[in-house]
Amino acid sequence: MHTSLTRIAAVLIASTMLAGVAQAETVRWARSSDSLTLDPHSQNQGVTHTFAHHIYETLMWRDTEGTLIPRLATEWYVKEDDPTVWVFKLREGVKFHDGADFTAEDVVFSLDRARSEGSNLKQLHAEVAEVRAVDDYTVEVQMVGPSPLYPNNVTNTFIMDKTWSETNNVEEVQDFAAGESNYAVLNTNGTGPYMLTSREVDVRSVLSVFDGWWGEAPAVTEIVYLPIADNATRIAALLSGDVDIVQDVPVQDIERLQNSAGFKVETGPENRVIYFGYRFGDEPLRSSNITDSNPFDNPLVREAMELALDRDAIQQVVMRGNSIPTGVATPPFVNGWTEELDQYPAPDVERAKELLAEAGYPDGFSVTLDTPNNRYVNDEAISTAYVGMLGQIGIDVTLASRPIAEHSPIILGDETDFYLLGWGVPTFDSAYIFNDLVHTKTDTHGTYNVGGYSNPELDEKIISLGTETDLDARDATIAEIWEVVKADRVLLPVHNQTLAYAMREDITLPVHPENQPNMTTVVFAE
Amino acid sequence: MLAFIARRLFQSVIVMLAVAFIAFMVFRYVGDPVSSMLGQDSTLADHAALRERLGLNEPFYIQFFSFVGNALQGQFGISYRLQQPVSQLIMERLPATIELAFASASIALVLGVVLGIYTALRPRAFSTGVIMTASLIGVSLPTFLIGIGLIYVFAVELKVLPSFGRGEVVDLGWWRTGFLTESGLRSIILPAITLSLFQLTLIMRLVRAEMLEVLRTDYIRFAKARGLSQRAINFGHALKNTMVPVITITGLQLGSVIAFAIITETVFQWPGVGSLFVNSVAVVDVPVMAAYLVFVALVFVVINLIVDILYFIVDPRLRDGAKSGR
């Protein structure tokens, strides 16, 4: 009797173990907001891209180190006899979720759609003149001029099926002003590892593994994606076992989660730098008591402001250790970053006061600092801390804190004297920073050059980066530009953000520098 | 009667127009939808072009009139954030909000009346003191704190109820209900309690005060003198007369429960119209915000209209006033 029971138990255990091997692994993944749309070319926004990367695929993408790796394209190179043409060799044997074959015409269609008028990705393809299929698995992209870094721009440009798009009448990107929704906003047909099973906007989306995927079958076979807006609720959902992975972990919860049994937190650097900017030029500041000159235009004042900024204190107190202080306005993944540039001076209040006096402001001055309060990690707290530090050297700062929806128009409309902003570099190249933050403000460049810094010599160099094909010479130019930018203190960098993902202890999901984790990279502990 | 309703309807339309008008005036100060729609990789020319296409450069009264014109045809436009028709988004989420409001109103009404009677009948009991004090806490603690507290106790520590969401839902044509599944019922408990606490306290205190008032009146004293049972006096005579104001207040409160479940919905990630509104405010999704505010105005207007009509039927004095052409 006793032995037979044991035997039955043994058989039962064995059978459940077998079932365990074949069992589907579902991951419930929560983050603060939902993907905005399933139309892959409609929004250029991180949350939307991250979700889309599970369903659709790109020609190339980046691994967790930030390196460009093959995906639907296996090779890419500049055409031998023509520096203005990029050639992409495509992966063979790839299928869309509906069974259609992936070929060059899908790539031509998708790149053309992504650079069409209604697409929010069109700026990334602004240098493209024509896309043509050479054969079924080769695509040539004709650029306007030499564009040595174009491959960096395609990592979020997803490939759709041409036939499917035509059948469902979605050749055009969703138009906001049109007043109706197109089919691709709610339906998908990609080549990616997962297929959309169900979707309730802002509530839950379910993805299941695509058996016909060309890659190695992922450990996660089903994804339940759950947007939870409230920070405390999101963490509570993880602690109560209602979700398995939480993205967007608030800084103040990291330590507690690390100490909770059964959970762990993966942290890593994000590709995003946080910096302060100020107004250049002779014109007096709008928010200052100094009405006959612009203090920020004086290099001594800018030096004093850097010496007043205690980056390490902000890292320890405001960020609770979760940031990487930096002396240059670029994250370390980006081409052009060096350890030397990254150095920053130790804070020195006495010297800063002397510099202010030397500059002609012995009693300091007053100014308003505009800061967002819901965009970056602890953005308002960083600004508040800096206001205190500037107070020590006699600069009397009034803090104007607004949600990003109100901060953005102030930034883009040049209505600020002094501001905080963050900058991500999706191309992983310094030119992206120079184009928007350093180049003189024009219709096409310097969109976020809020302070109005203008240096014609630098502008010339920045423009040359776009077409320079000798990469060594190009890197040398980048280094020259950074030297001037740093010496002139065009921007006052504070730190690079770090990311934290919290999860069940038996799950490992590495942090992705663009905050685009992919569930195919999930590993389960034995 | 008809003239009365017609006049009321006319007033309701004015109220809704006024709400929409004020909303559009305020929308100019909530930020710029275009920068969150276009993202970082966009030129200023793109911004200007999109703003022009969306008609955001028009003066606000022009935007307002085109909104009203479209709304009259049932067109509320397309959400900037989700790129789906606004009326569809609101209709999809309305069942969740109404079910939550219904559940919390039921809790508030039943518990409020029972506790109100209890505390009125035993004004000096120790338990009355406890209930009255606890009810003070109920009104003075902010909703989000109560919500988070309940989540931590029942979801994180005890692990007996879900921490967020609405659970499994069943599709009944255009109505998605959570009342027919176990997980749906379990999910509604915490948010319904959170949302009901304020109303519960209000109803309880109202019932208690009215009841105490009525119990002091002469006809109760005469009833006692007639030798009626305590039960018959309390429930047959006193309670009936306290219920008139209670019903009025409850009806009006139902409107605010539907309209202002915003915080509860956000804390519990409840997929109703309130959380839709909060998500929309963050990115200045003007079409959704406008439609939501008009919807809230409609809820209040309709409830008020019903209450007014009920008064008209119940109260003969109002009827006579209408007849004499007041």
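User: How many residues does the contact take from chain A and from chain B?

Analyst: Two residues are in contact if their C-beta atoms, placed from the backbone, lie within 7 Å. Here the contact takes 39 residues from chain A and 46 residues from chain B. This is a predicted model: local features need pLDDT of at least 70, side-chain atom pairs count only at pLDDT 80 or more, and totals for chains, interfaces and linings use all residues. Residues are numbered from 1 along each chain as its sequence is written, with chains lettered from A and ligands numbered from 1 in the order in which they are written.

User: At what angle do H1 and H4 of chain B pack?

Analyst: Helices are DSSP runs (H or I, at least four residues), numbered from the N terminus. Axes are lines fitted to C-alpha atoms over the stretch in contact, and angles run from 0 to 180 degrees between N-to-C directions. Helix H1 (residues 2-27) and helix H4 (residues 60-72) of chain B pack at about 135°, with axes 9 Å apart. That makes H1(B) oblique to H4(B); angles under 35 degrees count as roughly parallel, over 145 as roughly antiparallel, 65 to 115 as roughly perpendicular and the rest as oblique.

User: Which residues of H1(B) and H4(B) meet?

Analyst: From H1(B), B:Ala20, B:Phe21, B:Phe24 and B:Met25 meet B:Phe60, B:Gln63, B:Phe64, B:Phe67 and B:Val68 of H4(B).

User: What is B:Tyr292 in contact with, leaving aside neighbours within four places in sequence?

Analyst: B:Tyr292 is in contact with B:Ile90, B:Val273 and B:Phe277, once those neighbours are left aside.

Methods. Helices (H or I, at least four residues) and strands (E, at least two) are DSSP runs, numbered from the N terminus.
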